[in-house]
Amino acid sequence: MKIAELEKLLKDMSLSEKIEQLVQLHGGFFGHIDTYTGPVVDLKLTPDQPYRTGSVLGEHGAAHLKDLQDRMMEKQPHHIPALFMADVIHGYKTGFPVPIAIGSTFDPELAEKITSAAAKEAAAAGVHVAFSPMIDLARDSRWGRCMESTGEDPWLNARMAESLVKGFQGDDFGKKGKMASCIKHFAAYGAVQGGRDYNVAELSEHTLFEDYLVSYRAAVKAGVSMVMTAFNTIDRQPCTTNKRLLRDILREDMGFDGVVISDYAAISESVTHGSSNDNGDAAKKSIEAGCDIDMVSECYLQNLEALVNDGEVPERLIDEAVMRILVLKNKLGLFENPYKDASEEDEKEYHFCEEHRKLSREAAEESTVLLKNNGVLPLCEKQKIAVVGSLADDNEITGSWALFVDKSQTVTLKRAIEELYPNADVTFVPSDEITENMLAAAEKADVVILALGENQTESGESFSKADISLSKSHTELFNAVYGVNKNIVTVLFGGRPLAFPELAEKTNALIEAWLPGSCGCYALADILFGNVNPSGRLSMSMPYCSGQLPLSYAAFSTGRPKPKTDGFYPFISNYMDVPNVPLYPFGYGLSYSEVKYSAVSLDKNVLKNNSKIKASVTLENKSDRSVKEAVQLYIRDIKGSVVRPLRELKGLQKVSLEAGEKRTVTFEITEYMLRFYDINMQFVSEPGDFTLWIGHDSLTENGADFSLEK
Ligand code: BGC
C-alpha cells in the first residue's frame with residue numbers, strides 16, 4: 001500500500017478500532033494454551049475483542065496462523081491483518097547456542113547467519129516479528145538473563161546487535177524468509193540492582209549513554225523495526241512510562257521511527273512500581289511516552305478511549321501509534337499477503353533441516369571456550385575415558401528460550417561421543433550421584449571428563465541467583481572424582497559465568513560449553529578429541545565469587561589503584577579476600593595452537609582530525625594445525641574531562657590461520673573511535689595521549705602509544 005492509502009485507512013477507523021490495534025494478546029485469549037512468559041490475567045474482554053486486536057504473542061505454525069489470520073481479518077472492521085510476534089531467541093526449531101555463547105564466537109558474521117536461519121524457519125511458521133535480539137549489556141552473572149545477552153562489552157554487543165538484526169531482517173524484511181526484529185529491553189535491563197530480575201536499575205547518565213545505550217543505538221542505525229521496553233526503572237521511572245527515555249532519547253536522539261512495544265504487562269506494572277495511580281494513569285503516561293503497543297495488559301484497551309474522549313490524551317497520539325503499526329504491517333507486505341511466508345511445505349523443508357543443524361554445530365565450534373589445558377587435551381581415542389555427570393546426557397542444555405525447539409532431538413555429549421567416536425574406549429556414568437560404581441569408573445580411567453554446571457532451568461528470565469558459585473553437589477562430585485583420579489577435564493554447561501576458583505586450580509583442563517543448542521555437543525566432542533581447534537572467547541568475565549559483581553575488564557583507575565602484584569593493600573581500592581580482576585577475563589580463550597603476536601607497529605603516532613592511524617601486528621601460527629584467532633584491539637584514553645576506562649574494546653578481526661601461516665592484521669584508528677560523552681554530555685573526542693593494544697584478550701600488554709591533535 002502507498003502511504004496515502006494507509007493514511008486514508010487510518011482516517012476511516014473508529015477510535016475503538018484504532019485502540020485495538022495498540023493491543024497485543026497471547027494465544028490464551030484465543031483458546032490456545034501455550035507457553036506464557038508472564039502472569040495470566042483476566043482482561044475483561046468481550047468474546048470478539050481478541051480477534052480485533054492488532055497483534056498476537058507467541059502463536060506459531062503455518063496452518064494455525066493462516067487460520068487465525070483469516071478469523072482475525074474477518075472480525076476486524078477494516079480487515080486489517082494481524083501481526084504475529086514470538087520469542088525466537090536462539091533459533092526456532094533448530095536450537096542454536098544461547099546468546100551469551102553467540103557473543104563468545106567473537107564472530108558477528110556467524111551471528112548474522114544464525115538469525116538468518118532462525119528467520120527462515122520462523123517465517124515459514126507464519127511468524128512476522130522476532131522478539132529478538134536481546135541486546136542488554138550484562139556485567140552481572142547473578143542475573144539469569146545474562147544468558148540472553150551477547151555479554152559485557154558495549155562495542156562487541158553493538159556489533160552483535162547489528163548482525164543479529166540484519167540476519168532477521170536482511171535488506172528488506174518483506175522478502176521471503178525474512179522477518180522484522182524487535183530489540184529489547186529498552187533500556188539498561190542488564191543493570192538491575194543485585195542482578196535480581198525485574199529490580200530497579202540505578203546508573204549514572206554517563207554509564208547509561210556510554211555503556212548501556214551503545215548496542216541500541218547501533219541496532220537502530222542498522223534499521224531495526226521494533227523496540228521493546230524494559231521492566232526496570234531508570235531515574236526512578238519505569239522505562240515503559242518514561243517519556244525522556246522513549247521520546248527524547250530513543251526517537252529524537254537515536255532517530256528511531258518504528259514501533260515501540262511494552263514488555264509483558266509492563267504498562268500496568270508501573271502501578272505496582274508505585275509511579276502510576278491506576279491503569280488509566282499508566283495508559284496515559286505510556287502513550288504519552290511513545291509506547292505504541294500494550295503487551296498483555298488491560299491498560300490501553302480499557303482506558304484509552306475514555307482518556308481521549310475526556311480530553312486527557314490527544315487523539316493525535318493514538319493516530320501516530322496506529323500509523324507506525326500500519327506502516328510495519330505494510331513493510332511486511334501483509335496488506336497484499338496477510339500470511340506472508342506461512343507455508344506447511346516450507347516448514348517441512350526448513351525446520352531442523354540439515355543445513356541449520358550444521359550451522360548450529362559450527363556455531364558451537366566457535367562459541368565453546370577452552371579456559372585451561374595442562375596438556376591433557378586433545379584426547380586420544382586409545383585412552384581409557386570416563387564421562388561423569390548428569391549433564392553429560394541431559395538434553396536440557398538447549399537453552400530456556402528455545403521455546404519452539406524439540407528438545408528431545410538435542411544431542412547430548414554422550415550421544416555425540418557415541419556417534420562420532422564409536423571406537424573410543426569410553427565409560428559413561430551420566431549421574432551426579434557419588435556411587436562406588438562411578439568412583440570405580442573414574443579411578444580406572446586415564447582421564448575423566450566431568451560435566452558440571454547448570455542446565456537450562458537455572459538461568460533465563462526470573463532465574464536470578466545471589467550466589468553464583470558452582471553448586472554444592474557439583475563441587476562434591478568434583479572432589480570425589482579428584483580423590484580417585486586427578487586427570488580431570490571439566491566441561492561446564494550453563495547460561496552464566498559461574499564461580500569455581502578451587503576447581504579451576506585443580507582441574508587439568510576446563511571448557512565452558514554454555515548451553516550449546518540442538519547440535520552443539522558434536523562440536524564439544526570434536527574439541528575434546530582434537531578434530532576442532534577451539535576458538536571461542538569469553539563474552540563475560542568469569543568471576544572469583546559473587547561479591548566481585550558486577551564485573552568488567554573496562555574498569556576505572558580509581559584514585560587508589562591496586563598495584564599489579566598480588567595480595568591485599570590497606571587504603572588501596574582492593575578486596576581483602578579476592579583479587580580485583582576476574583578469574584578469567586573478557587576475551588580470554590585458548591586453542592590447541594600457539595599463535596605468536598609481533599609487537600604493534602603504527603604508521604604514525606599522531607592522529608589529526610581526518611587522518612587515520614594504521615595499527616598492525618603480524619600473527620604466526622606456530623602449530624601444525626589451522627586455527628581461528630579473535631584479534632582484539634583495545635584503546636585507553638589516558639586523561640579526559642571525565643574519567644575514562646582502563647581500556648575499551650574498539651576493534652575485532654577473527655582470522656583463520658593455516659598451520660605455520662603468518663599474517664598481518666591491520667586496524668584503522670579514527671578520531672570517531674575516540675569519542676565519548678564528555679563532562680557536558682557531548683559526544684566528542686578530546687586531544688591528548690592514548691595507548692592501544694592489539695592482542696589475544698583483554699589482558700594483552702602488546703601496546704603502542706599515540707596522540708590525538710586537533
Ligand atoms: C520477556 C520478554 C519477552 C516477552 C514476551 C517477557 O516476559 O521479558 O523478553 O519477549 O515476555 O514473551
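Predicted model: local features only at pLDDT ≥ 70, side-chain atom pairs only at ≥ 80, totals over all residues.
Is Tyr198 buried, partly exposed or exposed, and what is its relative accessible area?

**View 1. Tyr198, a residue with positive phi in the loop between β5 and α8.** The phi angle of Tyr198 is near 70 degrees, a positive value in a residue other than glycine. The residue belongs to the loop that connects β5 with α8. Tyr198 is partly exposed, because its relative accessible area of 35% falls between the limits of 20% for buried and 50% for exposed residues.

**View 2. The cis peptide bond between Lys184 and His185.** Omega of this bond is about 0 degrees. His185 is part of strand β5, which comprises residues 180–186.

**View 3. The cis peptide bond between Phe186 and Ala187.** Here omega is about 5 degrees. Ala187 is located in the loop between β5 and α8, the latter helix covering residues 205–212.

**View 4. Phe352, a residue with positive phi in the loop between α15 and α16.** Although Phe352 is not a glycine, its phi is positive, at about 55 degrees. Phe352 is classed as buried because its relative accessible area is 17%, and the cut-off for burial is under 20%.

Notes
Residues numbered from 1 in each chain as written. Heavy atoms only, no water. Helix = DSSP H or I, 4+ residues; strand = E, 2+ residues; numbered from the N terminus. Buried < 20%, exposed > 50% of the residue type's maximum accessible area, 1.4 Å probe, protein only.
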